[in-house]
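Reader: Before asking about particular parts, I would like to see the sequence and the structure together. Could you show both, and then take my questions in turn?

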Amino acid sequence: MSDRHPVPTRTTATMSDRAPERAQRSSAGPLRVRGLTIALPGQRGTADVVDDVSFDVLEGRTTGLIGESGSGKSLTAMALVGLIPDTGVASGQVLLGDENLLTAGRARMRQVRGAEISVVFQDPSTALNPTMTIGDQVGEILRGRGLSRRQARERAADLLDHVGIPDAAGRVGAYPHEFSGGMRQRAMIALALAGRPRFVLADEPTTALDVTVQARILDLLARLRDEDNLSMLLVSHDLRVMSHVADDLVVMYAGRVCERGGAKAVLNRPLHPYTDALVRSVPSVRVRSAIADPLPGSPANPFDRPTGCPFNPRCPRAEDRCRTEVPPLREVEPGRFSACHFAELAERTSDTAAEDLL
Amino acid sequence: MLPQLVRRIGLMVFTVWGAVSLTFVILRLAPGDQATVQLGPDATAAEVSALRGELGLDRPIFVQYLDYLGSASTGDFGESYRFHESAMTVILERFPATVVLALTATALALTIGLLLGIMAGRSPGRLADRVISGITLVMQAIPPFWSGIMLILLMALTLRLLPSAGSGDLEHLVLPSVTLAIPFTALVARITRSSVAEVTAEPYILTARSKGLSERAVLARHAVRNSVIPVVTIVSLHIGTLLGGAVIVEQVFAWEGVGSLLVGAVGNRDYAIVQGATVLFAIVVVTMNLLADVLNSRLDPRIRAGAQA
């Protein structure tokens, strides 16, 4: 496989000017999110759609960010590259090394995007420019670094080959509509890798794809993470996606983190009723039911959060305290964080569901 | 591809034929004809009917129509009784002046319209957008005959900067082309605005931003090209309106193009000129539409694929 390994910047001409950056990179450490809060205006005033979110994207690992739609997970991910809507206001810290990206200037953020942190978007059929060739889109970052058009195309072909596109050299001149959905997402991933970032944010990277292709894209992401030593933030609402590739898990509900920890541990024995409900709602292959145990109610609206624990109206375990007192995220066991007043009482109830998942 | 092309050309011929036939009928429905105009109000009925017979105007309209179509299809559009020359020769002599006028107006409308449209569309709802949208709304509402007269009043009579009428050189070109460009600019600006606003909300613009491109590069490389596609279509559809506007503007500014020739010919019932000019305008319009489609298929690879299928 190593001969297919392209990432040409490592070995070719530009290596010398990239070298200092490389040295700096290795010491940069994880991407740390601290107290991230994002206020967005809505119809009834502004609300903290993301509220005091903290987690780390550790080096060489895949961190899963899971939650229902509207939980603020995508917005959280976009805040890491400074691409939240113009009307949004982000506070807190996103630390790349010692640098807080939330207070970095526009020019600095442009340097970070693509080169340090890049993004794989959800739907490759709309996230790729329809009037630009795949090769030009993949190689655009490299063009910005002074490569000629031909060189950029060659690199693009290498990258496309790296992500498993057959006959990559012959297809750099193709347009997105000439690719299948899975191929487009591979091209999107190649595009995200072009700037040789250390961090890749994958926002629902398989949601828009056929089920048959999803696993292959996830495997590709896992392979790239290992081969290129990437750190990945995987945003998804799909627990099965998470169980497939995530090393660490951050569970979000109504804009807040409700549980955090190692993926296996979290899925095996959730310490928050919401996570537990999520695990139970996943249809098991062995059980003849479309949805094993659906979660009742609808997700809390950040503009109209219930008092106390935001999950309390849907929680089977809710008591009076949950309706008045906001549970802080606390370390319940080493490496396990939960924002439930009764986290210690969590039983090992979801064995069967979790076994199918893992 | 080939059947597509054949279909396309067939459609063009059909359009031109439709324009010719409509003009033919409308001209004959109008009161008076060449004989009455040529002989004047003092002529007796006998004189008029004698001339009618001579010109073949007393034949049934259907016969006249077939006769005209027959010779027109061989390139003979009849002779102008006022110029004593082949109508098409007279028209083609005046045609370059109209082309210069229309092209200047189009160039003005495209540069200013695209610029305004992009400025407004990149930040919908902001001040720049509201100001530009307001201005273009007014520009679109002003009829050329009025804005032409106002421009003459201001530039020629009050400020004495430019000649009010005449044709040929550059200073004569300014006022008529500006007049013609005003509503066209507004149209281009408004279409571009909505197109840019739509495109900049597309996910691939976010992708471009996530590459660390500057806003200028995002706009230039990703937004504009995709935004221009509907603009090309609208501009090509507007060519007919532009030529219609040219007729009025040429009249207002005494610009010696096909437009003013046409107005004179209608008044004098110079059928050959009116019909010849209509054929020419119709051909220009269908050709521009074809060109726009070709251009769009160059801009958008998906259209290219669709045309081949």
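Predicted model: local features only at pLDDT ≥ 70, side-chain atom pairs only at ≥ 80, totals over all residues.

Reader: Which elements do the buried residues of H9(B) pack against?
Author: Residues are numbered from 1 along each chain as its sequence is written, while chains are lettered from A and ligands numbered from 1 in the order in which they are written. The buried residues of H9(B) (20 or more other C-beta atoms, placed from the backbone, within 10 Å of a residue's own; exposed means 12 or fewer, partly exposed in between) are B:Tyr204, B:Thr207, B:Ala208, B:Arg209 and B:Ser210. Helices (H or I, at least four residues) and strands (E, at least two) are DSSP runs numbered from the N terminus, and in these terms the packing partners are H10 of chain B together with, in chain A, strand S6 (117-120) and helix H4 (124-127).

Reader: Which helix gives the most to the side of chain B that touches chain A?
Author: Counting as contacts those residue pairs whose C-beta atoms, placed from the backbone, lie within 7 Å, 18 residues of chain B are in contact with 21 residues of chain A. Helix H9 (203-210), helix H10 (215-253) and helix H13 (301-308) of chain B each supply at least two residues of that side of chain B. The greatest contribution, six residues, is made by H9(B).

Reader: How do the residues on that side of chain B divide by class?
Author: The classes take Ala, Val, Leu, Ile, Met, Phe, Trp, Tyr, Cys and Pro as nonpolar, Asp, Glu, Lys and Arg as charged, and the others, Gly among them, as polar. On this basis, the side of chain B that touches chain A divides into six nonpolar, six polar and six charged.

Reader: How far apart are the axes of H5(B) and H8(B)?
Author: Axes here are lines fitted to C-alpha atoms, for helices over the stretch in contact, and angles run from 0 to 180 degrees between N-to-C directions. The contact of H5(B) with H8(B) has 22 nonpolar, 11 polar and two charged residues. With helix H8 (residues 170-200) of chain B, H5(B) makes an angle of about 35 degrees, and the distance between the axes is 5 Å.

Reader: What is the handedness of the crossing of H5(B) and H10(B)?
Author: Helix H5 (residues 87-121) of chain B packs with H10(B) at an angle of about 145 degrees, their axes being 11 Å apart. By class, this contact has eight nonpolar, two polar and no charged residues. A crossing is left-handed if the near helix is turned anticlockwise from the far one by less than a right angle, and right-handed if clockwise; that of H5(B) and H10(B) is right-handed.

Reader: Is A:Ala254, with its positive phi, buried or exposed?
Author: Most residues other than glycine have a negative phi. A:Ala254, however, has a positive phi of about 50 degrees and is found in the loop between strand S9 (248-253) and strand S10 (256-262) of chain A. Because it has 25 C-beta neighbours inside 10 Å, A:Ala254 counts as buried.

Reader: And is A:Asp167 buried or exposed?
Author: A:Asp167 likewise takes a positive phi, near 50 degrees, in a residue other than glycine, and its place is in the loop between helix H6 (149-162) and helix H7 (168-171) of chain A. Since 11 other C-beta atoms lie within 10 Å, A:Asp167 is exposed.

Reader: What percentage of residues 95-292 of chain B is helix?
Author: UniProt lists this span as "domain: ABC transmembrane type-1" in an unreviewed entry; its positions are given in the numbering used here, feature names are shortened, and annotations may be inferred rather than shown by experiment. The end C-alpha atoms of the span are 22 Å apart, and the chain there is 0% strand, whereas the share in helix is 84%.

Notes. Contact = placed C-beta atoms within 7 Å.
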